[in-house]
Amino acid sequence: AKSEAGAGPDIRDTEADSKPQQRYGHGGEGTLCDVCFMDEGEYGGSSFIKCRGCLLLVHSDCYFADGDNMPIDDKGIFDCDACRALKDQKHFGGKVKKNSTSTPSPDPLSKYIEAKSDGRNYPMPTGNNEGVDIFCQLCARRDVNGGMKATDAGKWVHLACMMTSKEAYIDSKGKVVGINKVLSRTKQEMDEFERETGNKATCEACLRSNAVLLHCTEDKCQSHLHALCAERANRVRVVTAVDNGDIIEFKCATHGYGGLHAHRCVICGLGNRRDNMLGCDGCGRWYHLFCLNPQLKE
C-alpha cells in the first residue's frame with residue numbers, strides 16, 4: 001500500500017541498530033516485507049528472513065516479538081508458525097476456544113476481484129490436514145502475504161491485519177492476543193452501519209462482507225476494506241496515533257487517489273481496479289477497460 005506523505009516512518013522504529021545489520025541476501029530491488037510492505041533497509045529495518053516452507057519473506061523484527069524464539073539458520077531461513085502447525089498437524093497457538101467470537105472458515109477468493117492473491121496461500125483443510133485451518137480472523141484470507149501468526153485462542157491472524165487494531169498485540173510468548181475484542185467491536189460497528197444505511201458493509205476490493213471491515217478514513221465515506229485487501233489493492237495508508245501506539249488505516253479508491261488525475265478513470269471517476277486501467281499515450285488520461293464502449297478484455 002502507499003503511505004500518505006510524512007506518515008510512513010511512524011509505523012516502524014526509525015532508530016537503526018548501532019551494529020551493522022547482517023544481510024542474508026533475500027532482499028533486492030522491488031522486494032518488500034510481507035508484513036510491513038517496506039524494503040529491507042527502509043527506516044533501519046532488520047534483515048529479511050525467509051520461511052523454508054511457504055516462502056514468507058519478512059524483516060526478523062516484523063515477525064519475531066521480544067522474548068520470541070528466533071530459530072533462524074545462518075542463511076536466514078526459518079520455519080513460520082503456520083508451516084510448523086501444518087507439519088505437526090496440530091493447533092500451534094493454544095487450545096481452540098469453541099465458544100469465543102471467531103470468523104468462519106472462508107471460501108476461496110474469486111479470481112475476478114481487485115485484491116488478488118500473489119499465489120502464495122495456505123491450503124484449505126482437506127484430507128489429512130482437516131484439523132488445521134489456517135486463515136486470518138481479520139480478513140478471512142489464506143494468503144502467506146501479510147505474515148500469519150497464531151493467536152492465544154488457537155486461531156490465526158495476519159500481522160499486517162493486526163496492525164490496524166488498537167486491541168490486538170503480540171504477547172511475550174509470541175502469540176497474538178486481543179483478536180476476540182476486535183471481532184466483537186467490529187460486529188457492533190457493522191450492525192450499526194447496516195441499521196443506519198440499510199446496506200451491508202462490503203469490502204470494495206474483494207466484494208465480501210465477512211471478518212473485520214475498516215472504514216475509509218474520509219469523513220462520512222461509506223466505503224470499507226479488509227486490511228490485507230487494502231494492501232493487495234494498493235490503497236493509500238494512513239497512520240493514526242492511538243493511546244497505545246500507532247495503527248494503520250486506509251483510504252478507499254475514491255478518496256485515496258482523489259488528487260491524482262492520472263490515476264482516475266475519466267469515465268467513472270474512480271481510482272480502483274488500477275490493474276484494469278489503460279493509459280492514453282497522447283493525453284495521459286486513464287480509463288478502466290470495463291468502462292470503455294465497447295469494453296476491452298485486455
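In strand β3, His59 is the bridge partner of Phe48. Strands here are DSSP runs of E with at least two residues, helices are runs of H or I with at least four residues, and both are numbered from the N terminus. Two strands count as paired if DSSP finds at least two bridges between them. The structure is a predicted model, in which local features need pLDDT of at least 70 and side-chain atom pairs count only at pLDDT 80 or more, while totals for chains, interfaces and linings use all residues. Residues are numbered from 1 along each chain as its sequence is written, and side-chain values use heavy atoms, with hydrogens and water left out.

The bridge of Phe48 and His59 belongs to the pairing of β2 (residues 48-51) with β3, which is antiparallel and has three bridges. Within this pair, Ile49 lies opposite Val58 of β3. Five residues separate the two strands in their hairpin, where Leu55 has a positive phi near 70°. β2 also pairs with β4; these two strands run parallel and are joined by two bridges. Here Lys50 faces Ile77 of β4.

The loop between β1 (2-3) and β2 contains Ser47. Buried means under 20% relative accessible area, exposed over 50%, and partly exposed in between (1.4 Å probe, protein chains only). Ser47 has 5% relative accessibility and therefore counts as buried. The C-alpha atoms of Ser47 and Cys62 are 9.9 Å apart in space, and the two residues are 15 apart in sequence.

Helix α2 (residues 81-88) has the buried residues Asp81, Ala82, Cys83, Ala85 and Leu86. These residues pack against β2, α1 (60-63), β5 (148-150) and β6 (156-158). After α2 comes Gln89, with a positive phi near 55°.

The chain as a whole contains six helices and 14 strands. Of its 298 residues, 44% are buried. A contact means heavy atoms within 4.5 Å. Of the contacts between residues at least 6 apart in sequence, 53% join residues at least 24 apart. Confidence is given as pLDDT, the predictor's value for each residue from 0 to 100. The mean pLDDT of the chain is 83, with 80% of residues at 70 or more. Over residues 2-20, pLDDT stays under 50, and the model has 32 contacts beyond four places in sequence for this stretch.

A cavity is a set of points, on a 1 Å grid over the protein atoms alone, where a 1.4 Å probe fits but cannot get out; lining residues have an atom within 4 Å of a point. One cavity of 30 Å³ or more is present. The largest cavity holds about 30 Å³ of space, a volume being the space filled by probe spheres set on the points. Its lining consists of Leu138, Cys161, Thr164, Val212, Leu214 and Ala227. Five residues of the lining are nonpolar, one is polar and none is charged. Ala, Val, Leu, Ile, Met, Phe, Trp, Tyr, Cys and Pro count as nonpolar, Asp, Glu, Lys and Arg as charged, and the others as polar.

Notes
On a 1 Å grid over the protein atoms alone, a cavity is a set of points where a 1.4 Å probe fits but cannot get out, and a pocket is an open set with protein on both sides within 12 Å along at least five of seven lines; lining residues have an atom within 4 Å of a point.
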